[in-house]
Each structure stands twice: as C-alpha cells, then as structure tokens.
Amino acid sequence: VVHIVGIHVGDDISCRQYLILGDPINQVAKAESAAGHGEVFASPEAGQHLVKACNLKGDWEEAMKDWRPFRIADHNERFFDGKRRR
C-alpha cells in the first residue's frame, strides 16, 4: 500500500523480462505464505485501508496488533462485508 517500481528489460519481439520492486511485493509474499489452500489473506498495511471501507470479522484486530497478515476469505466464507463503517 505504497509505491512500487516496475521495469522491463528486453524488446517486444524476442524476450521481455519484468522486475517489480517495493514494499507491496514483500506484503504480498508475507500474506501468501500465511494463507492456506483456498484462503485469501490481507497484509496489515492493506488492513489499515480495509477497516475504513468494510466491516471486518474474525481475528483481524489481534492480527493488526501483532502486525501480521490476516484471513479475509476462504472457500466457504468471507470475513468482511462491503458496507462502509459509520
């Protein structure tokens, strides 16, 4: 939930490689490693924005205190609703 930098090396004909750098990539990696099969996790940085836009349920408050990724959905349930907090 900050700036990232992306560059490509190569040409449009034979080969193109992409490199993306920045803290959001680290956030995604941490959230992905915390999630199990069929789960969607959010980074604490993303959580700071989600709490302003959604009503969250589950262990998100504890996760935010510990500054760790938390589950926002799995195969059977989502742990938020799209209604804005008032």
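## An exposed helix residue

In this predicted model, lysine 30 is exposed, because its relative accessible area is 55% and the cut-off for exposed is over 50%. Lysine 30 belongs to helix α1, which covers residues 23–34.

How far apart are lysine 30 and leucine 56 in sequence and in space? They are separated by 26 residues in sequence. From C-alpha to C-alpha, the distance is 20 Å. Leucine 56 is part of the largest nonpolar core, described next.

## The nonpolar core

Nine residues form the largest nonpolar core: Ala42, Val51, Cys54, Leu56, Trp60, Ala63, Met64, Phe70 and Ile72. Two elements, α3 (60–66) and β5 (70–73), each give at least two residues to this core. Which of the elements supplies the largest share? It is α3, with three residues.

Phenylalanine 70 is one of the core residues. Neighbours within four places in sequence are set aside here. Beyond them, phenylalanine 70 is in contact with Val40, Phe41, Ala42, Ser43 and Gly47, and also with Leu56, Asp59, Trp60, Ala63 and Met64. Among these partners are the core members Ala42, Leu56, Trp60, Ala63 and Met64.

Strand β1 spans residues 5–10. Is β1 largely buried or largely in the open? The number of buried residues among its six is zero, so β1 lies largely in the open.

β1 pairs with strand β2, residues 16–21. The pairing is antiparallel and runs over six bridges. A hairpin of five residues joins the two strands. Within the pair, valine 5 stands opposite leucine 21 of β2.

## Salt bridges

Side chains of opposite charge can pair when their charged atoms come close. How many salt bridges does the structure hold? The count is five.

One of them links lysine 57 to glutamate 77, with 3.8 Å between the closest N and O atoms. Lysine 57 sits in the loop between β4 (55–56) and α3, while glutamate 77 sits in the loop between β5 and β6 (80–81), so this bridge ties together parts that are 20 residues apart in sequence. Both ends are partly exposed: lysine 57 has a relative accessible area of 44%, and glutamate 77 is at 39%.

Arginine 68 is partly exposed at 30% relative accessibility. Aspartate 66 is partly exposed too, at 47%.

A further salt bridge joins aspartate 74 and arginine 71. Their closest N and O atoms are 3.1 Å apart. Aspartate 74 has a relative accessible area of 24%, so it counts as partly exposed. Arginine 71, at 30%, is also partly exposed. Which residues do salt bridges with shared partners join into one network? They are Glu39, Arg71 and Asp74.

## Aromatic rings

How many aromatic pairs does the structure hold? The number is zero. A charged side chain does lie over a ring, though: arginine 78 is over the face of phenylalanine 80. The distance to the ring centre is 5.3 Å.

Notes
Residues are numbered from 1 along each chain as its sequence is written. This is a predicted model: local features need pLDDT of at least 70, side-chain atom pairs count only at pLDDT 80 or more; totals for chains, interfaces and linings use all residues. Side-chain values use heavy atoms; hydrogens and water are left out. A nonpolar core is a set of buried Ala, Val, Leu, Ile, Met, Phe, Trp, Tyr and Cys residues joined through side-chain atoms within 4.5 Å. Buried means under 20% relative accessible area, exposed over 50%, partly exposed in between (1.4 Å probe, protein chains only). Helices (H or I, at least four residues) and strands (E, at least two) are DSSP runs, numbered from the N terminus. Contact means heavy atoms within 4.5 Å. Two strands pair if DSSP finds at least two bridges between them. Rings of Phe, Tyr and Trp (its six-membered ring) pair if their centres lie within 6.5 Å; planes under 30 degrees apart count as stacked, over 60 as edge-to-face and the rest as tilted. A charge sits over a ring if NZ of Lys or CZ of Arg is within 6 Å of the ring centre and within 35 degrees of the ring normal. A salt bridge is a side-chain nitrogen of Lys or Arg within 4 Å of a carboxyl oxygen of Asp or Glu.
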